[in-house]
Number of protein chains: 2
Amino acid sequence: MNLNNTTILFLTGILAISCTQQIKPQKTEQDRTHDPIFSKGERITNDNFTGTVWLNNLVTADRINQNAVGSVTFEPGARTKWHSHPAGQIILALDGVGFYQEEGKEKRIVRKGEVVKCPIDVPHWHGASADSAFVQIAITGREKGETVWLKPVTDQEYNN
Amino acid sequence: MNLNNTTILFLTGILAISCTQQIKPQKTEQDRTHDPIFSKGERITNDNFTGTVWLNNLVTADRINQNAVGSVTFEPGARTKWHSHPAGQIILALDGVGFYQEEGKEKRIVRKGEVVKCPIDVPHWHGASADSAFVQIAITGREKGETVWLKPVTDQEYNN
């Protein structure tokens, strides 16, 4: 061995530093914030929602196609008021973990890739879970009129 | 220094091995195959499509909600025949790069996050680009009848 201790310790140090740089924690798939497919749009400022909610209006209903289509992003804990739709609604869960509840039924968890069909005129609410945002596409028929907004979802209802 | 050369070289070796394990190439965002939000469903076997196309029927039209909603995955080069919809159609591009063309207009590129509104009764086709798959949500009103299928999209039309 011709290397002296000092040289070897120096090389060990260099190696240790480069290792430290490599082992920065990588985000796991679960941790990763997914790039949104549709930009989250504008923050909703009306009082039909609790918490922070964003809306990107993708399609406006018109004479030819009476469906409105929007991408809605609920930040953790955010939710709609109780409400109903005179022509029902279809919800496509795009990302995160959310809740959906119809009047008289138990709250259910809705995950990325799941689909919910809200019946006509049945009061319900939806939103994000407490720990995760929730991104949904809402397809809402406008041919029978607008959404009917009801009372806020209380913390007790939300946490049940 | 009480450490002997052998001990230090052994420790250096261990460190070098653990470094090697850390620097396995990580896939970049661009390389990553996106996990599909909706499973791709069943391969379409009817002759209304060219190439390999998959359909996941998310919502079937019914008396209450007359929209059918499906997630369609076109493999590279795959496309629909020319066709038209008596109540129009909305296409939401979820992933990849696709094409959309209406009769008498130029073919356009459709990317993740874009929305296309197909007018009523206007012949058109859509599908994947040659190099990339294309995943779309199709929202199709069934209240005025079924899709009208026309002639196949030729390679010349596809490549134009």
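Biologist: In this predicted model, how many bridges pair strand 4 of chain A with strand 11 of chain A?

Modeller: Happy to start there! The two strands of chain A run in the antiparallel sense. Within that pairing, Ala68(A) on one side stands opposite Thr140(A) in strand 11 of chain A. The number of bridges joining strand 4 and strand 11 of chain A is eight.

Biologist: Which residue of strand 4 of chain A does Asn56(A) stand opposite?

Modeller: Strand 4 of chain A has another partner, strand 3 of chain A, and six bridges join these antiparallel strands. Asn56(A) has its opposite number in strand 4, and that residue is Ser71(A).

Biologist: How many residues of strand 4 of chain A are buried?

Modeller: Let's look at both faces of the strand, which spans residues 67–74. Asn67(A), Val69(A), Ser71(A) and Thr73(A) point one way, while Ala68(A), Gly70(A), Val72(A) and Phe74(A) point the other way, and all are buried. Of the eight residues in the strand, the buried number is eight.

Biologist: Which residues of chain B does Val69(A) touch, not counting residues up to four places away in sequence?

Modeller: Good one to check in the viewer! Within its own chain, Val69(A) touches residues including Asn56(A), Leu58(A) and Ile137(A). Its contacts also reach into the other chain, where the residues are Ile90(B), Leu92(B) and Ile139(B).

Biologist: Is His85(A) buried or exposed?

Modeller: His85(A) lies in the loop between strand 6 and strand 7 of chain A. Its relative accessibility is 3%, and a residue under 20% falls in the buried class. His85(A) therefore counts as buried.

Biologist: With the side chain of which residue does the side chain of His85(A) make a polar contact?

Modeller: Leaving aside neighbours within four places in sequence, His85(A) is in contact with several residues, among them Pro119(A), Asp121(A) and His124(A). The polar contact between side chains comes at 3.3 Å, and the partner is Thr147(A).

Biologist: How many disulfides are there over all chains?

Modeller: Cys118(A) is buried, with a relative accessible area of 3%, and Cys118(B) is buried at 4%. A disulfide needs two cysteine sulfur atoms within 2.5 Å. By that rule, the count over all chains is zero.

Biologist: Which residue takes a positive phi in the hairpin of strand 7 and strand 8 of chain B?

Modeller: These two strands of chain B pair in the antiparallel sense over four bridges, and Phe99(B) stands opposite Ile109(B) in strand 8. Five residues sit between the strands, and the one with a positive phi near 85° is Gly104(B).

Biologist: What percentage of residues 72–134 of chain A is strand?

Modeller: UniProt, in an unreviewed entry, lists that stretch as "domain: Cupin type-2". Its end C-alpha atoms are 8 Å apart.

Definitions and conventions
Residues are numbered from 1 along each chain as its sequence is written. Chains are lettered from A and ligands numbered from 1 in the order in which they are written. This is a predicted model: local features need pLDDT of at least 70, side-chain atom pairs count only at pLDDT 80 or more; totals for chains, interfaces and linings use all residues. Side-chain values use heavy atoms; hydrogens and water are left out. Two strands pair if DSSP finds at least two bridges between them. UniProt positions are given in the numbering used here, feature names are shortened, and annotations may be inferred rather than shown by experiment. Buried means under 20% relative accessible area, exposed over 50%, partly exposed in between (1.4 Å probe, protein chains only). A polar contact is a pair of N or O atoms within 3.5 Å; within protein, one must be able to donate a hydrogen and the other to accept it, and residues adjacent in sequence count only if both atoms are side-chain atoms. Contact means heavy atoms within 4.5 Å.
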